[in-house]
Amino acid sequence: MISLYIHIPFCKTICSYCDFPKIIAKDELKSKYIENIVNEINNLKIKKDEIYTIYIGGGTPNSISINLLKNLFEALKKYLYCSKENTIELNPELINDELIKLLVDYNFNRVSIGVESIVDSVIKTLNRHHNKQMVIDKINKLKLAGINNINLDFMFGIDKTTLDDIKTDLDFIKQMDVTHISYYSLILEENTVLMHLYKQNKFKPLDEDLCADMYEYICKYLKSIGFNHYEISNFSKPGFESKHNLVYWECKEYIGIGCGASSYYDDYRIDNERILLRYLKNNEVNKEYIDLQERKREFFLLGLRKLSGVKISDYIAKFNSDPLADFDFSELIKNGLIKVSNDTIYIPEDKILLANLVYENFVSN
């Protein structure tokens, strides 16, 4: 089984924190891009029952026209009705009745909505274009249409925000009764508006101790209302973990289509051209062989993002060797940063904020 990721790099406006491949473009360029994507899908040498999950991300996938989305979905149709999970990322202000009907018609059973916050000052800082009531209305319409598996993206650690702002967002999450929450800490990335402001001393990251307090409060609150904290930044109601994202964290194979998309299969990592016009002209991919030792390291670097950790038996089955012999865990165990229990190696939840110290062990090994 293999998963499929499709990148739509277009946006109506550029969010101040985003460093993903994206562009504000004219309809002609969008049409050319989707035509290119459709051709790539049609040339896939994969049987329909071999696709495990499909994820359409961005950018802002619902910033392109309904007709272009329909062309894309039509090319994917044979896979959409066989895969276990079909997800599309949406901006709330661009959700309408016609789009919802199209998603239902093509068997999309999961949506991920970029909310980030419902606090007006935070929305303005992030250059988002929704409000609280709009998000409520769009979620209710999706549920009414039968799309009940809904993820909401939220963000914390933004300059001048307070714990009360986080509480406002969390109370909103409780009110909306969705199945999945991705709650990310703001990271200042190069080539973003916020990084530009930071270099001009007009923006600064929130104090690390306050960020830690926010994270701990978020985790405690979401668990109290029935969410399972199953990955560092992800929480789900029982049975609603993101199947597609688990593919990444469990080092399973996936194919990425589109500008800036990545693939991982047959022990190779393949990165597509990030600049749109170059991608359309001649997608010169970067193909890198991942040797055995690197694959072993990635198994832990990604797998330990899950609160359940990694199974020793899975490692042995995959690599035909013992992880306790391949890596020296003694100092990590001594310092309480990881635990080994029966068949599992994991980071204790109260040490998850120190996960980078654990990851350093695998980078240096």
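The residues lining the largest cavity divide into 5 nonpolar, 2 polar and 2 charged, where Ala, Val, Leu, Ile, Met, Phe, Trp, Tyr, Cys and Pro count as nonpolar, Asp, Glu, Lys and Arg as charged, and the others, Gly among them, as polar. The model is predicted, with local features needing pLDDT of at least 70, side-chain atom pairs counting only at pLDDT 80 or more, and totals for chains, interfaces and linings using all residues. Residues are numbered from 1 along each chain as its sequence is written, and side-chain values use heavy atoms, with hydrogens and water left out.

A search of the whole structure finds 1 cavity of 30 Å³ or more; a cavity is a set of points on a 1 Å grid over the protein atoms alone where a 1.4 Å probe fits but cannot get out, and lining residues have an atom within 4 Å of a point. Helices (H or I, at least four residues) and strands (E, at least two) are DSSP runs, numbered from the N terminus.

Turning to helix H2, residues 66-80 span only 17 Å between the end C-alpha atoms, whereas a straight helix of 15 residues would span 21 Å at 1.5 Å a residue, the expected span being 1.5 Å times one less than the number of residues. H2 bends by about 40° at Glu-74, the bend being the angle between axes fitted to the seven residues ending there and the seven starting there.

Definitions and conventions: 1 Å grid on protein atoms, 1.4 Å probe; cavity = no way out; pocket = protein on both sides within 12 Å on 5 of 7 lines; lining within 4 Å. Points joined across faces, edges and corners; volume = space filled by probe spheres on them.
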